[in-house]
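User: I have a structure open and would like to talk through some of its side-chain contacts. Could you take my questions as they come?

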Amino acid sequence: MEKSKGIPTTTGNEIPGKKIEKVMCIVRGNTVRVRNVGRDFGAGLKNLVGGEVKTYSKMTSYARDEAFNRMVNEAIAMEADAIIGVRFMTSMIRQGASEILAYGT
């Protein structure tokens, strides 16, 4: 269980020691990112020798954090006191652009 901005969040369906008194609704946060030409060039070179493309890993991690924080902010605006069942989903919007969605209850 993680505590973000004072709100417990978990991938589980309950928080140990707490009783769910009211399920409000789904909260979500998302962000869409496009690739960078400079990063693509470096990734193409990395493709020749193999290994992790660290610039893409950093970009994905940043996008995941942003989607998560937007989800938490939506819960705060609704005056929720926890988020359960947190999940992440990724989808391609178009070639070179993808969305990361964080959602929970």
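User: Is Phe68 buried or exposed?
Analyst: This is a predicted model, and in it Phe68 has a relative accessible area of 11%, which means that Phe68 counts as buried, the cut-off being under 20%.

User: How many aromatic pairs are there in the whole structure?
Analyst: A search of the whole structure gives 1 aromatic pair. That pair is formed by Phe68 and Phe88, whose rings are stacked, with 6.3 Å from centre to centre and 25° between the planes.

User: And where do Phe68 and Phe88 lie?
Analyst: Phe68 belongs to helix α2 and Phe88 to strand β4, residues 87-94, so the pair ties together parts that are 20 residues apart in sequence. As for cover, Phe88 is partly exposed, with a relative accessible area of 41%, whereas Phe68 is buried.

User: Switching to charges, how many salt bridges does the structure hold?
Analyst: The structure holds 2 salt bridges. In one of them the side chains of Glu66 and Arg33 meet at 2.3 Å, N to O, and this pair links distant parts of the chain, since Glu66 is in helix α2 (residues 54-77) and Arg33 is in strand β3, 33 residues apart.

User: What about Arg70 and Glu66?
Analyst: The side chains of Arg70 and Glu66 also meet in a salt bridge, at 2.4 Å, N to O. Arg70 and Glu66 are 4 residues apart in helix α2, so about one helical turn separates them.

User: Why can such side chains pair at all?
Analyst: In general, side chains of opposite charge can pair when their charged atoms come close. Here, Arg33, Glu66 and Arg70 are linked in a network of salt bridges.

User: New topic: which residues make the nonpolar surface patch?
Analyst: The patch is made by Ile26, Met89 and Tyr103, and has an area of about 280 Å².

User: Where is Ile26, and how exposed?
Analyst: Ile26 sits in the loop between β2 (7-9) and β3 (27-34). Its relative accessible area is 56%, so Ile26 is exposed, the cut-off for that class being over 50%.

Definitions and conventions: Residues numbered from 1 in each chain as written. Predicted model: local features only at pLDDT ≥ 70, side-chain atom pairs only at ≥ 80, totals over all residues. Heavy atoms only, no water. Patch = residues over 30% accessible without salt bridge, like charges linked within 9 Å, V, L, I, M, F, W, Y side chains within 5 Å. Areas by Shrake-Rupley, 256 points an atom, 1.4 Å probe, with all protein chains shown as cover. Salt bridge = Lys/Arg side-chain N within 4 Å of Asp/Glu carboxyl O. Helix = DSSP H or I, 4+ residues; strand = E, 2+ residues; numbered from the N terminus. Buried < 20%, exposed > 50% of the residue type's maximum accessible area, 1.4 Å probe, protein only. Phe/Tyr/Trp six-rings, centres within 6.5 Å; stacked < 30°, edge-to-face > 60°.
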